[in-house]
Amino acid sequence: MSAAFQQGAFLKTLLGIGEDGKPRPYALGHFFIAYNIESFTELPKFKKTVGDICRQLRASKKAPGAKRIYTPWEKEYDVSVERKDKGVPVDDVLQKQLVELRDRYNLKQYKFEFE
């Protein structure tokens, strides 16, 4: 629905590769909707059904070589826990830019673990 509403990329066009095989930018869209769950069903029943669906999906047969089946937001949650414990990774280019900005503006109070 998000692609249709804003005429964005979908299916193969999300690969960022044109029919000619060359890289091309793509219009990635998002769609948000809010429901009052209790307009449809009782909240505890809804939560139980969603939990049942997720548990059944995770218990499905995995693709060859796959360690597990993820349900929505599990990967993002795992990353958030890791980042909370270990911090956000900063690549070499950004590290250099941060040091240059600090030095240019004489912000000596800032020390970086990566130096």
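Biologist: With which side chain does the side chain of arginine 58 make a polar contact of 3.0 Å?

Modeller: This is a predicted model, in which local features need pLDDT of at least 70 and side-chain atom pairs count only at pLDDT 80 or more, while totals for chains, interfaces and linings use all residues. Residues are numbered from 1 along each chain as its sequence is written, and side-chain values use heavy atoms, with hydrogens and water left out. A polar contact is a pair of N or O atoms within 3.5 Å, where within protein one must be able to donate a hydrogen and the other to accept it, and residues adjacent in sequence count only if both atoms are side-chain atoms. Arginine 58 lies in helix α2, and at 3.0 Å its side chain makes such a contact with the side chain of glutamate 74.

Biologist: Is glutamate 74 buried or exposed?

Modeller: Glutamate 74 is placed in helix α3, residues 74–86, helices being DSSP runs of H or I with at least four residues and strands runs of E with at least two, numbered from the N terminus. Buried means under 20% relative accessible area, exposed over 50%, and partly exposed in between, with a 1.4 Å probe and protein chains only. Because its relative accessibility is 17%, glutamate 74 counts as buried.

Biologist: Which residues does arginine 58 touch, not counting residues up to four places away in sequence?

Modeller: Contact here means heavy atoms within 4.5 Å, and arginine 58 itself counts as partly exposed because its relative accessibility is 30%. Its side chain also has a polar contact of 3.2 Å with the side chain of threonine 71, while the C-alpha atoms of arginine 58 and isoleucine 69, 11 residues apart along the chain, are separated by 5.0 Å. With residues up to four places away in sequence left aside, arginine 58 touches Arg68, Ile69, Thr71 and Glu74.

Biologist: What phi does tryptophan 73 have, although it is not a glycine?

Modeller: Tryptophan 73 has its place in the loop between α2 and α3, where it counts as exposed because its relative accessibility is 66%. Leucine 11, found in the loop between α1 and α2, also has a positive phi, near 45 degrees, in a residue other than glycine. For tryptophan 73, phi is positive, at about 75 degrees.

Biologist: Which residues make the nonpolar surface patch of about 780 Å²?

Modeller: Patches are made of residues with over 30% relative accessible area and no salt bridge, like charges being joined within 9 Å and nonpolar side chains (Val, Leu, Ile, Met, Phe, Trp, Tyr) within 5 Å; a salt bridge is a side-chain nitrogen of Lys or Arg within 4 Å of a carboxyl oxygen of Asp or Glu. Accessible areas come from the Shrake-Rupley method with a 1.4 Å probe, and for residues only the protein chains shown count as cover. One of the members, isoleucine 33, lies in the loop between α1 (2–6) and α2 (43–58) and counts as exposed because its relative accessibility is 53%. The patch is made by Met1, Phe5, Phe31, Ile33, Tyr35 and Phe40.

Biologist: What radius of gyration has the protein chain?

Modeller: The protein chain has 4 helices and 0 strands, and its C-alpha trace spans about 60 × 45 × 40 Å along the principal axes. Of its 115 residues, 11% count as buried. The radius of gyration is taken over C-alpha atoms, and the globule rule is 2.2 Å times the number of residues to the power 0.38. A compact globule of 115 residues would have a value near 13 Å, but the protein chain has 22 Å.
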